[in-house]
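Please read the following report with the structure beside you, and try to find each element as it is mentioned.

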Amino acid sequence: MSLVAVSKTYRSGIGESVTAVDAVTLDIPPGQSLTITGRSGSGKSTLLHLIGAMDVADEGQITIDGTDIARLRDSERAALRRRIGFVFQRFHLLPALTALDNVLVPVLPYRTDFDKVARARELLAAVGLADRAQHLPSQLSGGEQQRVAIARALVNHPGIVLADEPTGNLDTHTGAEIVAVLDRLRTERGITLLVATHDASIAASCDRTLVLSDGSVVSDTD
Amino acid sequence: MLRALWSQLLRRRGRAAAVAAGILVASVSFSLLTAATTTSTAQVQGIVARNLRPAYDILVRPPGSTTALESSKGLVRDNYLSGIFGGITLQQYAQIQKISGVQLAAPIAMIGYVLQDVSIPIDVTSALTPAASQVLTLTDNRTTDRGLTRFSPSSIGYVYVTADQLQPQGGLGITIHVTPTTVIGSTEVLPNGRKVTVCPAYFNVPNLTSPFADYQAQDGYCWSRQDLNANAGPGQLSPGHVGGYLDVVFPMLVAAIDPVAEQQLVGLGNTVKSGRYLRPTDSAISVGPQPISGSNATSAAQLQVPVLATTNPFVDDTDQITVNRLPASAVGLIHRGLLPDQLAAALAKETPTSVKRVTVTARDAYQQLLQKLSNSSLLDAYWTSGPTTYRQSSGGALAPVPTTNLNSVWTTSLFAGSGFEAAPIDSSDLGFRQLNEALRTNTSTQLLNLHAVGEFDPSKLPGFSTLSQVPLETYYPPQVTGADAASQKALGGQPLLPNANMAGYLQQPPLILTTLRSLPAFEQDFPTVNATAPVSVVRVRVSGLHGSVRQQLAQIGRVAAAIRQATGLDVDITAGSSPTTETIALPAGSDGRPALTLDESWVRKAVALVILNAVDDKSLALFVLILVVCAFFLANAAFAAVRTRRTEIGVLRCLGWPRRTIFVFILGEVLLTGLVAGVLGTGLSALLIVLFRLEVPWWRVGLVIPVAMLLAGLSGIVPALLAAHAQPLDAVAPAVRAPRRPHPVRHIAGLALVNLRRAPARAALAAAALAVGIAALTVLLALNLAFAQGVVGSALGGFVANQVRAVDYLSAALAIILGAASVADVLYINLRERASEFAVLSAVGWRRGHVARVAIGEGAGIGIAGSLFGAVLGLGIAELILGPDLSLLAAPAVAAFVAGIVVTIVAASIVAATLQRLPLVATLAEE
């Protein structure tokens with residue numbers, strides 16, 4: 001994955017332009033774990049959204065597996081999103097679905113070459129929720145909901161997982177558990193992991209740390 | 001307060017505009033549609049009133065002459081006169097005339113068919129060759145039924161032309177000894193001096209052995225080139241021309257009328273083309289012995305009946321005469337001195353060469369016949385025909401049942417009744433009526449004689465409205481046309497007409513009219529005539545009608561009841577009736593005509609009343625339906641407006657706003673929206689009236705603002721009450737709660753279903769909104785169908801249905817649009833509140849189409865539930881109004897059900913498309 005001079009500017013409610021990401025250039029080898037840190041509004045989430053093909057950069061080029069994602073059509077962008085797992089700060093589970101069904105959501109409309117339900121159960125077991133498969137999100141704790149979200153992010157065998165403040169809505173203890181789960185799964189499955197976070201424990205467990213300020217990279221350390 | 005309300009509307013201008021648009025559409029639709037419905041009802045009443053009275057208000061027929069089919073279906077058959085030869089006494093006729101309210105009673109006494117024959121000259125001069133002697137034969141090919149029926153060719157004689165001198169034989173005043181084989185003809189003096197008899201004919205014309213015998217084959221017409229002016233035959237060829245003659249036997253239906261009554265009924269006297277009209281005093285008169293044209297002899301004394309003849313016989317018969325030249329050897333046969341039948345047989349064996357064709361139509365023959373009638377025409381027999389009976393064919397059409405008439409019905413009164421009349425060849429075809437012959441008894445010393453005093457042209461009769469015309473069989477034949485493509489093609493797009501087959505399905509109108517006062521002449525010479533009850537039908541017009549259509553019909557009904565009570569006759573009220581079409585399955589004829597499917601114009605009675613009742617029912621139903629649909633749509637829109645402000649209202653409650661203030665605030669907002677919509681609606685109504693030239697009174701436009709305010713107020717009360725009872729915690733509660741029990745989801749439809757279960761009340765509201773629209777549509781369609789079935793089976797009904805259809809379509813469109821808009825509104829809010837969930841689906845890799853399918857699936861779920869409930873509800877209401885007729889109600893219910901699902905899916909697709917335009921990241925961040 002590589003980013004070359006990627007920029008994104010938003011227009012605020014009062015009509016001012018805000019540069020969320022400013023000429024970011026990065027090169028991330030497969031299997032690497034990278035934390036993106038910085039103050040609120042520094043552009044961490046926006047950078048993840050651009051890499052995750054949920055938003056489009058105004059300038060620059062993002063290449064994943066040799067493909068310039070700016071050139072993809074809508075359906076191809078949807079296909080790319082299936083190859084990237086995304087973990088949100090607010091979990092974004094569908095409240096009407098059980099934990100198992102939430103994990104199945106990404107593959108629900110598609111045919112797969114694997115048993116979808118078995119895969120979902122395996123992932124729920126991997127995040128320690130084998131016994132909570134039939135529970136609704138409202139019946140799960142915040143940490144459990146985030147574990148379900150992590151399982152959902154992995155259901156398509158993604159090569160890349162993007163996590164936006166995965167512990168931001170959790171207490172310290174639960175956050176640590178989530179960090180441990182993420183780290184274990186990354187190691188087991190050889191996933192490229194990008195985590196936007198304020199959590200120092202996560203940064204400590206990753207191979208590389210990127211610091212953003214006003215949308216620009218101010219530090220990039222291993 | 002007003003400023004606060006106004007600022008609220010501006011801040012939420014999207015939702016306010018939606019509610020305002022709803023109120024605008026509803027108020028404008030309500031005002032214009034109800035006005036249009038009222039106008040349309042008035043128009044229908046006007047149409048019915050204008051077409052209420054045809055030529056006669058009441059038809060009186062002999063008891064028992066109304067068929068079961070007519071009684072059960074409320075019909076009067078087009079050919080009601082056929083088969084009725086008397087049945088009403090003159091006393092009953094006089095009783096009818098005296099009944100209070102009877103302005104005019106016009107009787108028809110059907111007497112019967114008389115056979116008249118006429119000789120049509122066939123000029124063969126142009127077919128002659130320079131040869132001194134030559135023989136030509138004449139062959140008749142008769143066709144009828146628009147050429148579909150072709151009778152076998154028959155010989156009508158031969159023409160012999162010679163250079164030798166010809167001398168006539170026999171003649172009146174010459175006494176000769178007659179044997180059965182005695183022949184007379186012309187004597188030809190051959191160049192060798194030998195005398196031979198040519199063109200031989202039996203002195204005593206032999207009796208016909210069959211009414212359809214080829215009796216003209218022996219007729220010979222001999223001409224000498226030395227004196228072509230010495231005419232052969234009846235003598236109608238121009239001097240210097242030679243030829244033969246076609247004898248046409250023409251049946252003519254004779255009827256007696258009251259000339260004064262007929263003049264008042266249809267103005268018959270105004271149609272007289274030549275001669276004079278019948279006088280009330282006209283009756284059969286005795287005339288002394290009359291000189292016979294062309295001789296010094298005189299005929300016996302006659303009883304002369306004055307008649308008025310039509311100029312148009314409405315008979316479809318064509319004779320095509322082929323002139324054939326025979327080889328020179330045929331001249332030798334002429335000179336051989338053979339008997340007439342032997343000569344005819346010998347000539348038939350010669351090889352003919354066709355050299356000329358001459359076409360003679362029934363109209364041509366009739367014109368010749370009229371000339372003969374003006375010189376009087378003797379009667380020795382006449383025929384009556386029975387009514388046609390029908391059976392129901394497998395296809396539902398009426399199939400006339402064929403009958404067989406024995407040759408004995410054609411017995412002649414001449415020659416001691418030992419032979420047959422020469423019947424028209426058409427009568428050998430398939431028949432549908434039983435024929436009865438009335439033979440002159442010869443007890444009178446006077447011969448009966450028809451004497452035309454004038455001719456009338458039926459095309460000059462006054463036109464009556466085509467929407468309410470009744471059969472005038474006295475003057476026109478029944479109107480019969482091809483009902484299917486094959487029959488129309490076979491008939492060449494022309495109507496089927498009567499022909500000379502008196503037992504045929506179609507009966508010709510009376511061609512000869514005489515007076516009732518002449519009837520005794522027939523009674524005297526033909527004792528079989530129905531002397532005691534000679535009148536067949538009486539057509540009655542009622543006087544002094546006033547008031548509404550219903551009142552006028554009631555007055556006519558009272559007169560009809562009085563006639564029935566006084567006379568015991570069958571009575572049909574033809575006022576307020578209208579032509580309808582009955583399908584006739586006419587079996588194939590025996591001479592080539594294929595089976596035909598025909599449309600015959602009958603009369604459906606009481607159409608005016610059915611239409612008025614149906615229009616009244618429909619107007620009321622439309623009014624209620626439009627009101628219900630509009631009110632429900634607005635209520636839904638107002639609910640939607642309140643729902644979108646759930647959080648805001650909760651916060652206001654948290655901040656301590658009292659319930660009353662919130663109620664006034666919300667209701668005021670809806671009323672203000674109604675006012676704005678009303679003002680806009682007034683302008684829109686005016687624009688629509690001008691653009692589409694609607695016939696809506698302008699004061700109706702002024703109703704738009706109060707209607708908009710009223711509708712807004714009514715629809716806003718319940719949502720405002722609900723808002724006032726909102727709990728402070730509603731501000732922080734999720735818009736859509738999770739279900740209590742999980743349901744496994746393995747496909748997109750399952751996800752849509754689960755989503756619907758999450759907000760059952762909302763889904764139910766949307767489904768109910770749709771159900772009201774679909775129920776309205778079902779009722780509307782059922783009413784329309786019932787209206788159509790009730791009245792469209794007649795010309796007037798069809799016309800009226802076309803007049804009111806525009807309003808019906810507008811109402812149906814409104815019901816569908818408002819129902820769909822309600823669903824779309826609910827769906828939009830439903831989906832918009834869960835926009836972040838749809839954004840998640842996109843974020844995890846779902847395509848737009850997959851996301852749209854969830855939204856459409858939810859819409860379809862509401863659509864199916866709402867449409868099903870609506871169709872069942874509509875079915876129930878329609879059943880209450882129209883009665884339990886599943887065959888009538890099922891189709892509208894199914895149509896409305898399908899329409900509901902389709903429009904809901906379309907609405908859901910539009911909503912899904914708008915959702916997909918929401919930015920993914922921003923939508924996720926909203927939660």
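In chain A, which is part of a predicted model, six strands form an open sheet of mixed pairing, in the order S6-S7-S8-S3-S9-S10; helices (H or I, at least four residues) and strands (E, at least two) are DSSP runs, numbered from the N terminus, and two strands pair if DSSP finds at least two bridges between them. Strand S6 (84-87) and strand S10 (216-221) of chain A are the edges, and because each has a single partner strand, one side of each is left without a neighbour in the sheet. On average, and with direction ignored, neighbouring strands of this sheet are turned by 15° against each other. Strands of a sheet pair through backbone hydrogen bonds, either parallel or antiparallel.

A second open sheet of chain A has 4 strands in the order S2-S1-S4-S5, with antiparallel pairing, and its edge strands, S2 (17-27) and S5 (67-68) of chain A, each pair on one side only. One strand pair from each sheet is set out below.

| Strand pair (chain A) | Sense | Bridges | One pair of bridge partners |
|---|---|---|---|
| S3 (33-37) and S8 (192-196) | parallel | 4 bridges | A:Ile36 and A:Ala196 |
| S1 (2-11) and S4 (59-64) | antiparallel | 4 bridges | A:Val4 and A:Gln61 |

Helix H1 (44-51) of chain A lies across S3, S7, S8 and S9 of chain A, running at about 150° to S8(A), where angles run from 0 to 180 degrees between N-to-C directions and axes are lines fitted to C-alpha atoms, for helices over the stretch in contact. H1(A) also packs on the sheet of 4 strands, touching S1, S2 and S4 of chain A, and its direction makes about 60° with that of S2(A).

In chain B, helix H14 (659-691) and helix H15 (704-724) pack at an angle of about 155°, with their axes 7 Å apart. That angle makes H14(B) roughly antiparallel to H15(B), a term used for angles over 145 degrees. The residues of this contact divide into 21 nonpolar, 8 polar and 1 charged; Ala, Val, Leu, Ile, Met, Phe, Trp, Tyr, Cys and Pro count as nonpolar, Asp, Glu, Lys and Arg as charged, and the others, Gly among them, as polar.

Between the chains, 25 residues of chain B are in contact with 26 residues of chain A, contact meaning that the C-beta atoms of two residues, placed from the backbone, lie within 7 Å. The largest share of the side of chain B that touches chain A, 5 residues, comes from H19(B).

Residues are numbered from 1 along each chain as its sequence is written, while chains are lettered from A and ligands numbered from 1 in the order in which they are written. In this predicted model, local features need pLDDT of at least 70 and side-chain atom pairs count only at pLDDT 80 or more, whereas totals for chains, interfaces and linings use all residues.

Key. Parallel < 35°, antiparallel > 145°, perpendicular 65-115°, else oblique.
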